[in-house]
Amino acid sequence: MRLLAWFWLLCALSISSLALHESDVGVIDWRKELVGVPVTLSPVTAPTFVLKDVVVTATGSNVLAGLNVRDGSVAWRYIFEADDPIIGFYPNRRVVVTLSGPGGSTLRKFDTATGALLIERSLHAPQDGLLVHPPSLGKSIAFSSDSQGLYVLSNGHTVSFLEGNTGSTLWTWYSPDQGSKTMFLKVVARKDVVYVVGATKGVASLSLNVVVLSASTGQLLHDREIPSGITNTLTDVFTFYDAHKTTEPVLVWVENTSLKSLVLDSTLSNKPHDVKTAEKLMYLLDLGLTNHGQVLAQLPDGSSRLLQVSQDGTTASSLYEFDSKRLGVLFNGGVDDQGRPYVARTHWSQDLNTIVLDVVNASSTTDQTQTYTVPFDTNNEGILDHIAFTLPSSGAPHLLTTASSGAVQLFGSPSLTTSDSKSPSTPDALNHHWTRHEALATTTLATFVELPEPLVISTTADFTKSEGFTGRLLRHAVEARDLPRYIVNFVRRFVTGDYASATSAAVVIPGSSIPLDAEAATTNTNTNTTMTTTPQTTPLFRDPFSFRQILLTFTAPGKIYALDSSNGEIVWTRTLGLGSAFWMGGSVSARKVWVVRGVNDVVVGEGVEEGKDKVRAEVVLVAERRASNGQATTMIYHFNALTGEDVSVPLSSSDNSENNEETRRPAAPGFLEGIELVEGPYTESFLLPDGRSVVVLDEFMQVGFLGFCILFWEVELRWDEFVLHISSTFISSLHSHISSIPNLLLDSE
């Protein structure tokens, strides 16, 4: 009886040890604070250094965010509603003002440092908003001379004056034609008057239209139409004025490769001038330096000139000449701590095989240029989309970049962060400080992949060799010294339920042939700026309950992230290749993912190679590639989920250029190249019962297998057209799978 009582007591204790505490329910193990991929198509949404230590940006997730320059963390963010898209943000000293909604229907004012919402006002009903492209067209904000008032241009035809502290509307002016012929583009404020510049539709081109309003009452004082031959209101028309608003603004536009100007006055009595320039101009680019009278002009030969427009608008002198023999050129402007203007240009250097930053002092005629190399990983992050920079009082400039992969990175002088940076610290080289993987905010597809057991990972080639009786006896004797500790740990786990949790950090298996990456194995609670650009070498294995797995996420920019589910750390990243559209350009969208081989699966015909670990989890990704010409292609990517390594079987070479491997899968360093399965858009895909074979359907009901393609309902077989993987188990079960496919297709309908 006593033994039976002890037995029931142990059973009760074991059952309670497996129970889940109430306090553990709903506990978040980790999270990544993301803001989204920055919108760089317009200057009023792209990342900008507003304060010395804060970068403000609008993102594709409809979020306005402030990022800390020092470590890349989120200082603040404001999430807009889905039906209230951000049009643009307009910074002024310690505040940022935004326009959002159709036609800029809603105005908000934020504190730049904290993100506190100071003002929120509706300018017009959303249903009354004009839908134009780009959305920022016809919207502008100007701050009064004392920064206590806001002059707001919305809907392309309405100007409102708002009190700066309360947001109350003091007056509103409406264009007589309500935007039917004239679209106003910009509002410029002076102490007594407000200038509103717009464009009026003509037969062959656009004409400029300038309206003068009273700053105190909004009364229309003067209205003048200026004949001009502008064709693009975004690149042909600019308004220049000094930062202190002590001179009258100058209106400048490009007309038939010539530059013209008009000095605005309260009566609009001045006449347009032909501005003298050394060369013909194609268009103008806004660098954010119009307050200093500077703009970038593009010439017909591809070169660029930094122009300084005089205060009377009669001349435009060339401050600096940028040559045209550069690849991937991006420009932006900025000022230093003393308010002096600078221009930054980034381009790809074929000689140095890296990104080069040229910083031009726009206020000096001597010693103008400083050159820096930027350690940007183009193989992993793609190409640059936008740059923003600022110049601190001492040291190298701070360069903020956004890339096609969705990554936001900061490069600068070594003094910004600790001295253990891995980037070069030479005077002509910038250091990499932090990276934000904002592509994770655009995740379109995700799946979990199980990790192998510790015993499997620690197995090396030495254990696969033949071992004699004496050697095995000695090995068992050495391993038996850990038996007491094992028994103690087993009893403790059995009685108390003290198991490894899902968020336990990685532990290195003794005797593992894979070296430890200490930085990647350390659990970091702040995973916002963690960057692992190369496959992690730390051995990954499951916990006792298999909570710890690999989380594969596929993002809209075409990048794969493998995350450690225990702590959210990035294990490895790969960018999906474009295949034959590599030089043309395009995008890859993940459609469906299948785990075709687990870590415990054994495939017939595969043995353990000496000195090589064969443990892997194979994943097949079905994706659709859209080339820049609009052509759609169904792609297959086959890789090892533990390392990101490509494990697909390459296509066989052929004299036919369409099937040639160099044409179908060009070598692109750092990219995960796929196989072009079907020339057409993706429709659906299925995993067959054997768990190793994937069937892909296109729009023509064509079915692609892992080893061949069959066209149903036309009784046509085409063998060896698409080669992914042929295994003995797949061939043996071929007939049973073919008979089940039509049922699957009918069920999917």
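## Basis of the model

Helices (H or I, at least four residues) and strands (E, at least two residues) are DSSP runs that are numbered from the N terminus. The model is predicted: local features need pLDDT of at least 70 and side-chain atom pairs count only at pLDDT 80 or more, whereas totals for chains, interfaces and linings use all residues. Residues are numbered from 1 along each chain as its sequence is written, and side-chain values use heavy atoms, with hydrogens and water left out.

## Overall architecture

The protein contains 10 helices and 46 strands. Of its 749 residues, 50% are buried; buried denotes a relative accessible area under 20%, exposed one over 50%, and partly exposed one in between, with a 1.4 Å probe and protein chains only. Accessible areas come from the Shrake-Rupley method with a 1.4 Å probe, and for residues only the protein chains shown count as cover.

Contacts (heavy atoms within 4.5 Å) also describe the fold. Among contacts in the protein with a separation of 6 or more, 50% are between residues 24 or more positions apart.

## Salt bridges between strands

There are 17 salt bridges in the structure, each defined as a side-chain nitrogen of Lys or Arg within 4 Å of a carboxyl oxygen of Asp or Glu. One of them pairs Lys260 with Asp274, whose closest N and O atoms are 2.3 Å apart. Because Lys260 belongs to strand E19 (residues 258-263) and Asp274 to strand E20 (residues 273-275), the pair ties together parts that are 14 residues apart in sequence. Asp274 is exposed, at a relative accessible area of 55%.

Another salt bridge joins Lys592 and Glu684, with 2.8 Å between the closest N and O atoms. This pair links distant parts of the chain, 92 residues apart: Lys592 is in strand E37 (residues 586-597) and Glu684 is in strand E42 (residues 682-687). Lys592 is partly exposed, with a relative accessible area of 26%, and Glu684 is partly exposed as well, with a value of 24%.

## A buried charged network

Glu618 and Arg616 form a salt bridge through their side chains, with an N to O distance of 2.9 Å. Both Glu618 and Arg616 are buried. Through salt bridges that share partners, Arg597, Arg616, Glu618 and Arg692 are joined into one network.

The loop between E42 and strand E43 (694-698) contains Leu688. Leu688 is buried, at 2% relative accessibility. Its C-alpha atom is separated by 9.9 Å from that of Val596, although Leu688 and Val596 are 92 residues apart along the chain.

## A nonpolar surface patch

Leu483, Ile487 and Val491 make a nonpolar surface patch of about 260 Å². Patches are made of residues with over 30% relative accessible area and no salt bridge; like charges are joined within 9 Å, and nonpolar side chains (Val, Leu, Ile, Met, Phe, Trp, Tyr) within 5 Å. Ile487 is part of helix H6 (residues 483-496), and its relative accessibility of 45% makes this residue partly exposed.

## Backbone features in loops

Most residues other than glycine have a negative phi, and most peptide bonds are trans. The peptide bond from His133 to Pro134, by contrast, is cis, with omega near 0 degrees. Pro134 is located in the loop between strand E8 (117-122) and strand E9 (140-143).

Asn62, which is not a glycine, has a positive phi of about 60 degrees. Asn62 is placed in the loop between strand E2 (54-58) and strand E3 (63-68) and is buried, with a relative accessible area of 13%. Asn155 also has a positive phi, near 60 degrees, in a residue other than glycine. The loop between strand E10 (149-154) and strand E11 (158-163) holds Asn155, which is buried at 6% relative accessibility.

## Surroundings of Ser154

Ser154 is part of strand E10. At 2% relative accessibility, Ser154 is buried. When residues up to four places away in sequence are not counted, Ser154 touches Gly103, Gly104, Leu123, His124 and Gly138.
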